[in-house]
Amino acid sequence: MIKSRYFWAGAILLAIIPMLLLDISEYYVDWEKEVREPIIEIVQNFGDLTKAQKADVLDNVFAKNQSLIQLSVMKGVLSLLLLFAGVYLLVRYVKIQRPSFLKPALNLIGLTVLFMAAKISFAMAYNPGANTSFITVDAGGSSFKSIINKNFKGKVVYVDFWGTTCGPCLMEFENFTHPLKEHYKKRDDVAYLYISGGSRYLWKKQIDRFHITGSHLFLEAEDYEKLYRDALSDSNAQVLMPHYLIVDKQGNIAVADAARPSDYPLLTAQIDKNLK
């Protein structure tokens with residue numbers, strides 16, 4: 001055990017830096033998916049939005065852009081300050097103790113791994129809170145029908161197949177999902193199921209960031225594709241993100257290619273038809 005406050009103070013400062021760099025890398029991914037891709041999506045695929053809707057979306061995009069840049073710069077500067085301070089303290093330790101290289105290096109690596117593991121474990125275990133529940137299934141062992149019957153009896157279910165780094169998926173959450181839920185907030189026979197693929201580390205963070213209430217299920221790539229094709233009853237279906245389904249109160253697929261939340265009039269008409 002190294003008995004030096006200079007070493008442990010410096011090691012802790014340096015061990016924090018990879019955590020900050022992980023955050024910065026996430027911000028870059030967020031910028032790609034929440035700024036760049038939504039702008040492209042608006043230009044290419046959202047020609048039917050009104051000017052007011054486009055303005056609202058772009059306002060959100062530009063606000064997100066500013067926020068991500070500010071956070072990246074702040075954590076970049078903080079990383080540099082921690083680097084200089086950490087190196088200074090370790091140099092002090094070396095001058096006083098004159099240790100061998102191996103033991104301090106192993107302790108520094110171990111501390112860094114411990115901090116990173118704690119950060120990742122917290123992100124994966126985090127519970128976003130009220131009105132959010134998580135469904136677990138056996139890997140490769142549950143059919144779409146069984147998931148619906150077990151969790152949503154007697155309800156119309158709006159199912160959203162999405163990805164944790166899918167720009168159009170996140171754009172729908174950011175701009176259009178909440179008005180839909182506000183419309184049906186007094187209905188206890190409408191439910192929402194979000195089936196996600198991508199990064200398990202980012203999954204609950206995205207749910208929290210976009211306040212996605214409802215029931216959530218995360219699947220690794222192979223199981224995600226299997227459940228997606230099972231839901232569509234098509235073993236050759238191309239896996240698309242996002243993709244939406246509407247399940248009726250009897251647990252049957254009522255609309256296999258449902259409208260997006262951004263197509264509010266069509267989607268509410270599809271849901272209302274199955275509420276009668």
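Figure 1. E225 counts as partly exposed at 35% relative accessibility, where partly exposed lies between buried (under 20% relative accessible area) and exposed (over 50%), with a 1.4 Å probe and protein chains only. R229, at 26%, is likewise partly exposed. Their side chains form a salt bridge of 3.7 Å, N to O; the term requires a side-chain nitrogen of Lys or Arg within 4 Å of a carboxyl oxygen of Asp or Glu. Because E225 and R229 stand 4 residues apart in helix α8, about one helical turn separates them. Helices are DSSP runs (H or I, at least four residues) and strands are DSSP runs (E, at least two), numbered from the N terminus. The model is predicted: local features need pLDDT of at least 70, side-chain atom pairs count only at pLDDT 80 or more, and totals for chains, interfaces and linings use all residues. Residues are numbered from 1 along each chain as its sequence is written, and side-chain values use heavy atoms, leaving out hydrogens and water.

**Figure 2. The salt bridge between E220 and R200.** The two side chains meet at 3.4 Å, N to O. E220 sits in the loop between β4 (214–218) and α8 (221–232), whereas R200 belongs to helix α7 (residues 200–209), 20 residues away. E220 is partly exposed at 42%, as is R200 at 33%.

**Figure 3. The salt bridge between K64 and E34.** The side chains of K64 and E34 pair at 3.3 Å, N to O. K64 lies in helix α2 (residues 51–97) and E34 in helix α1 (residues 5–45), so the contact ties together parts 30 residues apart in sequence. K64 is buried at 17% relative accessibility, and E34 is buried at 8%. A network of salt bridges links D30, E34, K64 and R209.
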